[in-house]
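Hi,

Here is the structure I promised to pass on to you. Have a look at it first, and then read on for what turned up when I went through it.

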Amino acid sequence: MQTHDIILIGAGHNALICAAYLLKAGYSVLLLEKNSIPGGAATTEEIMPDRAPGFHFNLCAIDHAFIHLGPVVQELELHKHGLEYLFCDPLVFCPHPDGKYFFAHKSVEKTCQEIARFSPTDAQKYGEYLDSWQRLISAITPVFNAPPKSVIDILTSYNPSNVKDLFSLMGSDRATLDLIRTLFTSAEDILEEWFDAEFLKAPLARMASELSVPPSQKTSAIGGMMMAMRHHPGVARPRGGTGALTAALVRLVTSLGGKILTDQAVTKILVDHNRAEGVRVAGGQEYRASKGVISSLDAKRVFLQLLDAGDVDGADPQLRHRIGRRVTSHNDAILKIDCALSELPRFEHHEHRDEYWTGAVLIADSVDHVELAHSDPHIGRIPDENPSMYAVIPSLLDPSLAPPGQHTLWIEFFSPYAIAGAEGTGLQGTGWTEERKNQVADRVLDKLATYAPNLKSAIIARRVESPAEISERLGVEKGNYYHFDMTMDMMLPFRPLPEISDYQTPIQNLFLTGAGTHPGGSISGLPGRNCARVFIREQNPFAVVGQWFFGQ
Ligand SMILES: Cc1cc2nc3c(=O)[nH]c(=O)nc-3n(C[C@H](O)[C@H](O)[C@H](O)COP(=O)(O)OP(=O)(O)OC[C@H]3O[C@@H](n4cnc5c(N)ncnc54)[C@H](O)[C@@H]3O)c2cc1C
């Protein structure tokens, strides 16, 4: 029987980041990962070595924005372990069916000049619109960088510039109420309030809806920050792909003495007298943890699958019911398409420039188009009659990902996890079959080809992954890549439930991290960092003083 101070379940980027902080604090750490490589939704792999040798694909995450709001990369000195971020500029291109287009550069001024070609009035407002989101991002960032209920931690995360931005938003009763009202409203309402032109509103709605809700949904206005963050602090991709972030973390963790075991699916968390003692993996091997078990799997999997019901009920008789019924995971998942291309797709009807492909290409013809892209999946319909999508050619910014002159194409298409009317068939009873996912992929590529006609002839090979397959690969419920919904009711001290939002659980020595905890999904590393802080503080209450003064 092997014993470590801490066992981490899963080795996605959040678990690795959590492990790195714990190792630095002197604990021995073992990570157990079910897949044969670490990284979870942060890997880059040569997935078609026979048909497309030398092409490396980001199977999930591509664009890293949230991680630049926090201190993880700098604090862990990840550049010393091989991580190099390539910032995107330009940021976003969205062609409109009438020949207009939205083309955003990192510079707000340059972006306004592009907008002014088609809508001078909207161009004037774009800078002001971004400024309001920038101040909100600055005001809220310290909250992301601290455990959500730790008032002192949050307050000590503020610097004068955050405070100034906070006061600029809440300096008077009217400003404060206006801000609260904005947060209650929808992305669509906010865009209507600011802009006239559809070619601009549609991509902004699509970007806001990256939080996985239709733009008409009340409280989705906060999605406005998704575009603002791209301008500042920026959106970047690790050289070598998203997997290079994982590789740097693995190097750091192992150099600090951490141990990562792959092909180790945890099937049980072992509890004795309300205290987590270790875990059992498939095959029966057990591992003991003397100080703590930290799960980067979401609370549903932990409390409804990995723990004995009696252990949970003994700690909190309400918890299983509340997690089962109150914590939500919608049906809006991702169908992923990866292609190896012989050449760059060209936007013939939109004054093609290669640099359109440097950042994200959004296919969003109207706000209604984006609406259906999310509302259809919510009720089990595949919105593939007229697909909206997020497409990237990662190899343009980073040619190391493909053979010389050739390219990789990454497409995210929102689809239902469970298809209405096909219940009980296909993978996991979701209705997804090989045939169906390929039919949908054909339609998605057909739509992109209406904008870039040379796309189809450029495809050397492709791989399609259905929401059900992503769900199985990552082990997440309903293919939810954020583990749980990212709506306001499930954020901050509500994530995943108020009583377990501080990374701690009613079972002693059992902690939660990962996308299902504050501040949520995406590549940020903040759930991992915040959880490590809470764990260290629990072990040594005096460590809190060091955390406040020295930040680590
Ligand atoms: C297609 C797609 C595209 C995305 N694009 C972006 C993007 O561009 N930008 C962005 O910021 N975010 C993106 N995301 C979201 C982002 O990748 C995730 O929210 C984030 O990576 C979650 O990280 P995590 O470490 O919390 O969890 P995960 O990455 O889910 O890691 C959890 C780990 O636990 C392992 N595991 C599961 N069950 C067990 C078990 N029983 N025992 C042991 N191990 C287990 C899993 O294999 C996995 O390695 C995307 C996600 C997907 C699916």
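This is a predicted model: local features need pLDDT of at least 70, side-chain atom pairs count only at pLDDT 80 or more; totals for chains, interfaces and linings use all residues.

Pro90 is found in a loop, the one between β5 (85-87) and β6 (92-95). The remaining backbone point concerns Ser212: its phi is near 75°, a positive value in a residue other than glycine. Ser212 has its place in the loop between α9 (198-208) and α10.

Now to the ligand. Which residues are the closest to it? They are Glu33, Asp63, Tyr481, Ser522 and Ile523, out of 34 residues that surround the ligand. By class, this shell divides into 17 nonpolar, 13 polar and 4 charged residues. Why does the ligand lie between two domains? Domain 1 (2-40 + 69-83 + 241-328 + 483-550) and domain 3 (330-478) both give residues to the shell, so the ligand lies between them.

If you plan to look at the polar contacts of the ligand, here are some with backbone atoms:

- A polar backbone atom of Val266 is 2.9 Å from a nitrogen atom of the ligand.
- For Tyr481, a polar backbone atom is 2.8 Å from an oxygen atom of the ligand.
- For Ala515, the distance from a polar backbone atom to an oxygen atom of the ligand is 2.8 Å.

As for cover, the ligand has 1,000 Å² of accessible area on its own, and the protein covers 95% of that.

Which of the elements gives the most to the lining? That is α4, with 5 residues.

What is the lining of the second largest pocket made of, by class? It has 27 nonpolar and 4 polar residues, and no charged residues. Two domains take part here: the lining draws at least three residues from each of domain 1 and domain 2 (89-94 + 104-234).

Best wishes

Definitions and conventions:
Residues are numbered from 1 along each chain as its sequence is written. Side-chain values use heavy atoms; hydrogens and water are left out. A residue is near a molecule or strand if one of its heavy atoms lies within 4 Å of it. A polar contact is a pair of N or O atoms within 3.5 Å; within protein, one must be able to donate a hydrogen and the other to accept it, and residues adjacent in sequence count only if both atoms are side-chain atoms. Accessible areas come from the Shrake-Rupley method with a 1.4 Å probe; for residues, only the protein chains shown count as cover. Ala, Val, Leu, Ile, Met, Phe, Trp, Tyr, Cys and Pro count as nonpolar, Asp, Glu, Lys and Arg as charged, and the others, Gly among them, as polar. Domain bounds come from an automatic or database domain assignment. Helices (H or I, at least four residues) and strands (E, at least two) are DSSP runs, numbered from the N terminus.
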